[in-house]
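Please consult the sequence and the structure alongside the text.

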Amino acid sequence: MGIFDIIGPVMVGPSSSHTAGAARIGLVARNLLGEDVKEARILLYGSFLATGKGHGTDKALVAGLLGMSPADERIADSLRIAEEKKVGIEFGEARLKEGHPNTVELKLKGVSGKILDIIGESIGGGRINIAQIDGIETNFSGENPTLIVHNQDQPGHVAEVTSMLAQKKINIATLQLYRSGKGGRAVMVVECDQDVPEDGLEWLEKVKGIIKVTYLKKAGGR
């Protein structure tokens with residue numbers, strides 16, 4: 001157990017789960033989108049829906065989407081800042097069959113028109129889990145440099161990704177594979193010990209059968 005587990009995260013309160021975790025989900029989502037958010041539908045579930053407003057969950061999520069960290073003192077003013085920046089924000093209720101009590105679904109549109117749909121969970125102490133990206137189940141924290149590759153479910157793509165990382169001398173911490181169905185869409189989530197260089201990401205984007213490459217740096221986004 002580390003000191004972080006004992007005293008909790010550096011954050012603007014009042015709750016590590018409802019505030020710090022929510023801000024971190026928003027920030028990771030914005031970094032996964034890879035650009036400023038133009039529109040956001042924020043759909044709350046469970047405790048986030050029932051008690052989130054009193055804990056500032058709504059403000060924390062928006063703050064993260066604006067690029068603020070959980071320790072940013074501007075979190076309390078995030079809704080006003082979003083309005084000033086002309087970021088469209090809509091809140092609602094997530095219709096999930098099941099989920100962690102502190103769950104949010106974020107439907108995002110970026111300034112260039114890019115879209116992203118993620119489900120994030122605040123699992124305690126400011127820690128989070130990204131449970132779904134664009135309808136496909138995932139399971140990662142966003143604490144490490146993370147490479148997310150959407151591809152057609154065909155042989156060879158895992159080898160192409162791992163070979164590129166080996167060539168760039170990037171060590172793989174975890175590698176998770178998900179797919180919508182045999183021969184359908186698949187997702188690789190690769191958590192790394194080092195940052196992946198830009199030319200490696202650009203090479204992957206040109207590989208036949210790879211649909212989308214998203215990269216999350218440890219302390220920022222692509």
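Which residue in β2 stands opposite Leu43? Leu43 has Gly92 of β2 opposite. The model is predicted, so that local features need pLDDT of at least 70 and side-chain atom pairs count only at pLDDT 80 or more, whereas totals for chains, interfaces and linings use all residues. Residues are numbered from 1 along each chain as its sequence is written, and side-chain values use heavy atoms, with hydrogens and water left out.

**Sheet.** An open sheet of mixed pairing is formed by 6 strands in the order β2-β1-β3-β4-β5-β6. At its edges are β2 (88-93) and β6 (136-140), each of which pairs on one side only. On average, neighbouring strands are turned by 25 degrees against each other, direction ignored. β1 (residues 37-46) pairs with β2 in the parallel sense over 6 bridges. Strands (E, at least two residues) and helices (H or I, at least four) are DSSP runs numbered from the N terminus; two strands pair if DSSP finds at least two bridges between them.

**Helix α4.** α4 packs on the sheet, touching β1, β2 and β3 (102-110), and its direction makes about 145 degrees with that of β1. Contact means heavy atoms within 4.5 Å; axes are lines fitted to C-alpha atoms, for helices over the stretch in contact, and angles run from 0 to 180 degrees between N-to-C directions. Of the 9 residues of α4 (residues 57-65), 8 are buried, including Asp58 and Leu61. Buried means under 20% relative accessible area, with a 1.4 Å probe and protein chains only. Gly67, with a positive phi near 95 degrees, follows α4.

**Cores.** A nonpolar core is a set of buried Ala, Val, Leu, Ile, Met, Phe, Trp, Tyr and Cys residues joined through side-chain atoms within 4.5 Å. Two such cores are listed below.

| Core | Size | Residues named |
|---|---|---|
| Largest | 37 residues | Ile42, Leu106 and Leu108, with the most contacts inside it |

Not counting residues up to four places away in sequence, Leu106 touches residues including Ile25, Ala29, Ile42, Leu65 and Ile118.

**Pocket.** Among the residues that line the second largest pocket are Leu96, Lys97, Ile119 and Gln132. β4 (115-124) and β5 (127-133) are the elements giving two or more residues to this lining.

Definitions and conventions: Buried means under 20% relative accessible area, exposed over 50%, partly exposed in between (1.4 Å probe, protein chains only). On a 1 Å grid over the protein atoms alone, a cavity is a set of points where a 1.4 Å probe fits but cannot get out, and a pocket is an open set with protein on both sides within 12 Å along at least five of seven lines; lining residues have an atom within 4 Å of a point.
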